[in-house]
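Me: Let's walk through this one together. Could you show me how to read its features, one at a time?

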Amino acid sequence: MAAYDALERRVRTRLQSVDSDRLRRVLRAPSGIDLSSNDYLGLAQHPALKAAMAAAVEREGCGSTGSRLLRGERACFAAVERRFAAFKGTARALYFSSGYLANLAVLTTFPEAGDVILSDALNHASLIDGIRLSGVRRVVFPHLDVGALSRLMEAHRGAGRTFVVTESLFSMDGDEAPLRQYAELCRATGAHLIVDDAHAVGVYGQRGSGLVEEAGVDGDVFVSISTAGKALGVSGAFVTGPEWAIEFLIQKARPFVFSTAPPPAIAAALEASLDIVDGEVDRRARLASRAAHLRRRLAEHSIRTIPGRSQIVPVIIGDNLRAVELAELLQAAGFDVRAIRPPSVPPGTARLRLSVNVGLSEAVLDEFVSALASAVGQPTCSVASS
Ligand SMILES: *Cc1c(COP(=O)(O)O)cnc(C)c1O
């Protein structure tokens, strides 16, 4: 009994410091105009995806009943993997039930003791956790800094293999890695480039397969990770790469081997999603033009964002409480905007992460920017007291 009391006391103390750091998070269901989801192409509610998924549920049932290596395997998984590999321009693909697990899988399977992993300072938590779990020596390089990366690669060159790990389009900053320069550096030094294309798939490139495609570095990237729960509007993630690498993941990646296969109907929804990405090129063009429109309007109102061209538009606020208060003001005005605080972003850089989707008209974006400008101009408690 006493032991349980001691644990509860400790947890309550920890929760108090979450509150005093203005970091308490709450679970809030969607309400209002969407400026916070990753459903960039508006596919999560698309009738074609819903119909494909519903029909597949009728055919295949709900659960897959086992891991892919046991009774959970289905022809539809292999089919969508073949299609995704071709879409990415690689030999083979493997589907995981989440991007988080895909990143853990890649980073715990390929690097071994004696290797070194160079990781961008702003990489996603799932990449960081994968690197930590790998137990391999990690060297963090400053965000997007090719010169520093090159120097650190030289300084930390070991007996083993060197891996460079980066996002392509950064999830909380909306800026982009210099993939061509990284590719050149890796080619020159024999290092292996791992790219998390989570926010770029469906958005960039002629085929819409992401920034690896747009940068033309398909041939230089060792493996990339493409999430399916963002622009593709479904769930899960694909790892794409050479035949031997994917085969090794099937044999060794613990998040693949020791986890139940996803519901088969997911594969049907993904086929429908890829049909739209293939067939409706205007969707990504519209997304780009709406993102440019929002960035332009914000600039006209002197609201500063992290420079970039993408659909992820961060407005840096700094103070945690002020960011939450601004988000609440905008929510009250009917816009679903969320404050992003540490540890999702570095301390002192709390922000409103605006994400654009194709369903937002220019008129709605204009209304939103007016609401944001007036909220920003309004003093809030945190500002008054600081
Ligand atoms: C969202 C995200 C992930 C995790 O993908 P899930 O499918 O949500 O688990 C991985 N990497 C990046 C960069 C992400 O933004």
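Me: To start with, in which loop is Pro 343 found?

Reply: Pro 343 is in the loop between β11 (339–340) and β12 (350–355). Those labels are DSSP runs numbered from the N terminus: helices are H or I with at least four residues, strands are E with at least two. The peptide bond from Pro 342 to Pro 343 is cis, with omega near 5 degrees. Bear in mind that this is a predicted model, where local features need pLDDT of at least 70, side-chain atom pairs count only at pLDDT 80 or more, and totals for chains, interfaces and linings use all residues. Residues are numbered from 1 along each chain as its sequence is written, and side-chain values use heavy atoms, with hydrogens and water left out.

Me: In what order do the seven strands of the open sheet come?

Reply: The general idea: strands of a sheet pair through backbone hydrogen bonds, either parallel or antiparallel. Here, two strands pair if DSSP finds at least two bridges between them. The order is β2-β8-β7-β6-β5-β3-β4, with mixed pairing. At the edges sit β2 (92–96) and β4 (137–141), each pairing on one side only.

Me: How many bridges join β5 to β6?

Reply: Five, between residues 162–167 of β5 and 192–196 of β6, and the two run parallel. Phe 163, for one, has His 192 in β6 as its bridge partner.

Me: Which strands does helix α7 touch?

Reply: Contact means heavy atoms within 4.5 Å. By that rule α7 (residues 179–189) packs on the sheet, touching β3 (116–120), β4, β5 and β6. Its direction makes about 155 degrees with that of β6; axes are lines fitted to C-alpha atoms, for helices over the stretch in contact, and angles run from 0 to 180 degrees between N-to-C directions.

Me: And the ligand: how many residues surround it?

Reply: A residue counts as near if one of its heavy atoms lies within 4 Å. That gives 13, and the closest are Gly 99, Tyr 100, Asp 196, His 199 and Lys 230. Helix α4 (residues 99–109) gives the most to this shell, with three residues.

Me: Which atom of Lys 230 lies 2.8 Å from a ligand oxygen?

Reply: An N or O atom in the Lys 230 side chain. A polar contact is a pair of N or O atoms within 3.5 Å. On the backbone side, an N or O atom of Gly 99 lies 2.7 Å from a ligand oxygen, and a polar backbone atom of Tyr 100 is 2.9 Å from one.

Methods. Polar contact = N/O pair within 3.5 Å; in protein donor to acceptor, adjacent residues only side chain to side chain.
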